[in-house]
Amino acid sequence: MNEKQVSADRLGAFSDAVIAVIITVMVLELKPPDGSALADLLPLWPTAISYAASYLFIAVIWVNHHHLLHLVRQPTPRLIWLNFAHLFAVSLLPFATAWVARSHMAAAPVVVYAVIFLLIDLAYLAFERAVLQQADQTVISPRARTLAQRRTLLAVLVFAAGAAIAPFIPLAGFATVCCALLLYLKPEMFSRHTKQANS
């Protein structure tokens, strides 16, 4: 294995480890109810919903990150630092998730939750652009590059909308944030357009 492959593998391995720790910290915030009846679970619905949304988003982050790393020819210092910035933003999710749950989706926590998602997506946009700039032209088509960046920009706008709505209707702001996740459910778009470019 050459040095380039090892460097890309190390970047991926470190990112995987950080994401695993973030999920572990988030899981530790899940607290059982004091009672022993099923009805005692009902007040925990904000915890269940916010945890599920955050877990899904972290899973989506990992899958998309995995697809992007396949396009990395050489992890440059700029790319590595952008990856650190992205992971830092993701590491804030357990805090925001716990606050949303404990406050039963009050306005301020949901605003912070949406803003953190916005920061994550802005960092991802920068990381994505850095990867696509160095990706081999024969590996990913110009159309795939354009679609990927438009998708991320659209998600930024949706997260911003969620943050703007949350102070007035917290549940609607939270739902808007969750809707943005749908944009990232098909990272295989890279592979599809790659095949088309090479055919």
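This is a predicted model: local features need pLDDT of at least 70, side-chain atom pairs count only at pLDDT 80 or more; totals for chains, interfaces and linings use all residues.
Figure 1. Buried residues of H6 include Ala144, Arg145, Ala148, Arg151 and Thr152. Further along H6, Ala155, Val156, Phe159, Gly162 and Ala163 are buried as well. In an α-helix, residues three or four places apart point the same way, because there are 3.6 residues a turn.

**Figure 2. The largest cavity and its lining.** The model contains one cavity of 30 Å³ or more. The largest cavity holds about 60 Å³ of space. Its lining consists of Phe57, Val60, Ile61, Asn64, His86, Ile120, Asp121, Tyr124 and Tyr184. Helix H2 (45-69) and helix H5 (107-134) each give two or more residues to this lining, and H2 provides the largest share, with four. Six of the lining residues are nonpolar, two are polar and one is charged.

**Figure 3. The largest pocket.** This pocket has a volume of about 290 Å³. It is lined by 15 residues, of which Ala8, Asp9, His66, Leu69 and His70 are the closest to its centre. Helix H1 (3-28) and H2 each supply at least two lining residues; H1 gives the most, with five. The lining has seven nonpolar, four polar and four charged residues.

**Figure 4. The second largest pocket.** About 210 Å³ of space lies in this pocket. Among its 16 lining residues, Glu29, Lys31, Thr47, Ala101 and Arg102 are the closest to its centre. H2 and helix H4 (93-102) each give two or more residues to the lining, and the largest share, four residues, comes from H4. Nine lining residues are nonpolar, four polar and three charged.

Terms used:
Residues are numbered from 1 along each chain as its sequence is written. Side-chain values use heavy atoms; hydrogens and water are left out. Buried means under 20% relative accessible area, exposed over 50%, partly exposed in between (1.4 Å probe, protein chains only). On a 1 Å grid over the protein atoms alone, a cavity is a set of points where a 1.4 Å probe fits but cannot get out, and a pocket is an open set with protein on both sides within 12 Å along at least five of seven lines; lining residues have an atom within 4 Å of a point. Grid points are joined across faces, edges and corners, and a volume is the space filled by probe spheres set on the points. Ala, Val, Leu, Ile, Met, Phe, Trp, Tyr, Cys and Pro count as nonpolar, Asp, Glu, Lys and Arg as charged, and the others, Gly among them, as polar.
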